[in-house]
Amino acid sequence: MSDRRVFRWATTSARLLIGTAVSIVAVVAVVTAVSVPWPTVAREPLSVRATPAPAASVIACDGGLLSIGRNPAAADAITVVAPQSVVVGVADGERPAEQRLETTDVGPGPLAYTAPPLDGQAVDVAATGAATASADDLSGFAASACRPPLLDSWLVGGSGATGAADLVLLANPGTVPATVQLTVYGAAGPQTPPGGVDLVVPPGTQRVVPLAGIALGEETPVVRVSAVGAPIRASLQASITRTLTPGGVDQVGPVAHAETTEVITGITVTRATAADGAADEVTVLRMLAPAAPATARVTVTTVGGREPVREPQEVALEAGKPLELALDSLTAGSYTVTIDADEPLVAAVWQATGVDEGDDFAWYTPAPEVAVASLFATPGGPTPSLSVVNPSNEPVAVAVAPVDGGSPLDLTIPANGSVAVRLAARTVYRFEPEAPVRAGLSFAGDGALAGVPVWPADVATSEVLVYP
């Protein structure tokens, strides 16, 4: 019996030892499999580069100069003071189709233009309008370019203080309604006032919103315009009255993007500006860093010069709060203001011919980079001047030619320099740089001041990557 018990114990122990060994081997195998890289199969997802079919080109204008509060019995009634004359054209093909938008509670409003694609390419359409008012409550010259509608844009300019009668213009040249949100950036930061929430702009119409209704008391507002449903062509009509005397009017176009570098050119100073500390400042830079605090370096140069005319200034910007900087002691001439910042910002320069009866003012907005052949139009009014800024370290050739076949201008813009040339009024020009530049139109005359940046054409539809 004892031998059988010994045998059973021995066989059982052997089975336990074998099982333990197998378990150890399995654990070692698993650990080794986890720690040692396994062969992998990498496969790039299937993709196709495709160019979307070009869409029709659509631009909308600001329309005539408007006045609010002329009727004592209806203080919020808006009337047309002066119609807008528009010059429009394309490089090739037929004249774009014209549409008259309806301004809410006013009547016939601004013009809009549509050009279908030509030979499989989008058509570049250029149009600029001008209007002159000479009335007891509104006077001055305004010029503005007709622009494509945008889903998001910025209005830098105007005031909600006493004496200003500014109007936000929202045009929808499309075929479906747009719902718009207006965010006002002021002394307390960004605010969404009740009068700027869920504003419905029907297709084919322009809606007018008094700036005082959404920014009452704000002296340095910046308005962000956000649209859903359809893009909106936003702009601002700014005007001021000083002790019953009109002090000028302007139509301020949108700024499409906040950028870390803003270049504002063609700023026309008609007479020497006030000394530092004077009560009446006529050259003022307004800036806003919407999302984050920023340090901005402001440089002022003459058009045609390279060296700053004043010591560059560094300015600290609070996030979401506009700041104004007076640019004092400038002599008569044409200037470029360059702002370099460590965070994206928007900006504009207010320039006035003076603060007396018969004076006018203009808001000069940033000029975006133009790297492709683009069109612009000059309206009727004072003789237009074109300023071209070259930010690169190499000279850049720029061809400027009327699309109707007139005599071209071949310009050479020096490295880190600028050039200004006189152009003809009521003309559509083709602007073709060999490298990226920035440019702006300026208009100055007796009791007249305005500025319009040159925007790049959106004629080349870029490729998109499609994953089937």
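Visitor: Which residue in strand 32 is the bridge partner of P384?

Guide: The partner of P384 is F443, in strand 32. Before we go on, this is a predicted model, where local features need pLDDT of at least 70 and side-chain atom pairs count only at pLDDT 80 or more, while totals for chains, interfaces and linings use all residues. Residues are numbered from 1 along each chain as its sequence is written, and side-chain values use heavy atoms, with hydrogens and water left out.

Visitor: How do you know that strand 27 and strand 32 pair?

Guide: Two strands pair if DSSP finds at least two bridges between them. Strand 27 (residues 384-389) and strand 32 have 6 bridges, in the antiparallel sense, so they pair by that rule. A strand here is a DSSP run (E, at least two residues), numbered from the N terminus.

Visitor: What makes strand 30 and strand 33 edge strands?

Guide: Their open sheet has 4 strands in the order 30-27-32-33, with antiparallel pairing. Strand 30 (418-422) and strand 33 each have a single partner strand, so one side of each is left without a neighbour in the sheet. Neighbouring strands of this sheet are turned by 20° against each other on average, direction ignored (axes are lines fitted to C-alpha atoms, and angles between N-to-C directions run from 0 to 180 degrees).

Visitor: Why is L170 called buried?

Guide: Buried means under 20% relative accessible area, exposed over 50%, and partly exposed in between (1.4 Å probe, protein chains only). L170 has 0%, so the word buried applies. This leucine is found in strand 11 (residues 167-172).

Visitor: Which residues is L170 in contact with, beyond its neighbours within four places in sequence?

Guide: Among them are V180, L182, L199, V201, V225 and I232, where contact means heavy atoms within 4.5 Å. L170 and P231 are 61 residues apart in sequence, yet their C-alpha atoms are 9.9 Å apart in space.

Visitor: Why does L244 count as exposed?

Guide: Its relative accessibility is 79%, which is over 50%, so L244 counts as exposed. L244 lies in the loop between strand 17 and strand 18 (245-252), and has a positive phi of about 70° although it is not a glycine.

Visitor: Which way do the residues of strand 25 point?

Guide: F361 and W363 point one way, A362 and Y364 the other way, and all are buried. In a regular strand the side chains alternate between the two faces of the sheet. Strand 24 (residues 333-352) runs antiparallel to strand 25 and is joined to it by 4 bridges, with A352 opposite F361.

Visitor: What makes something a pocket, and what volume does the largest one have?

Guide: On a 1 Å grid over the protein atoms alone, a pocket is an open set of points where a 1.4 Å probe fits, with protein on both sides within 12 Å along at least five of seven lines; lining residues have an atom within 4 Å of a point. The largest pocket has a volume of about 1,000 Å³, counted as the space filled by probe spheres set on the points, which are joined across faces, edges and corners. Of its 46 lining residues, the closest to the centre are P148, W455, P456, A457 and D458. Strand 8 gives the largest share of this lining, 4 residues.
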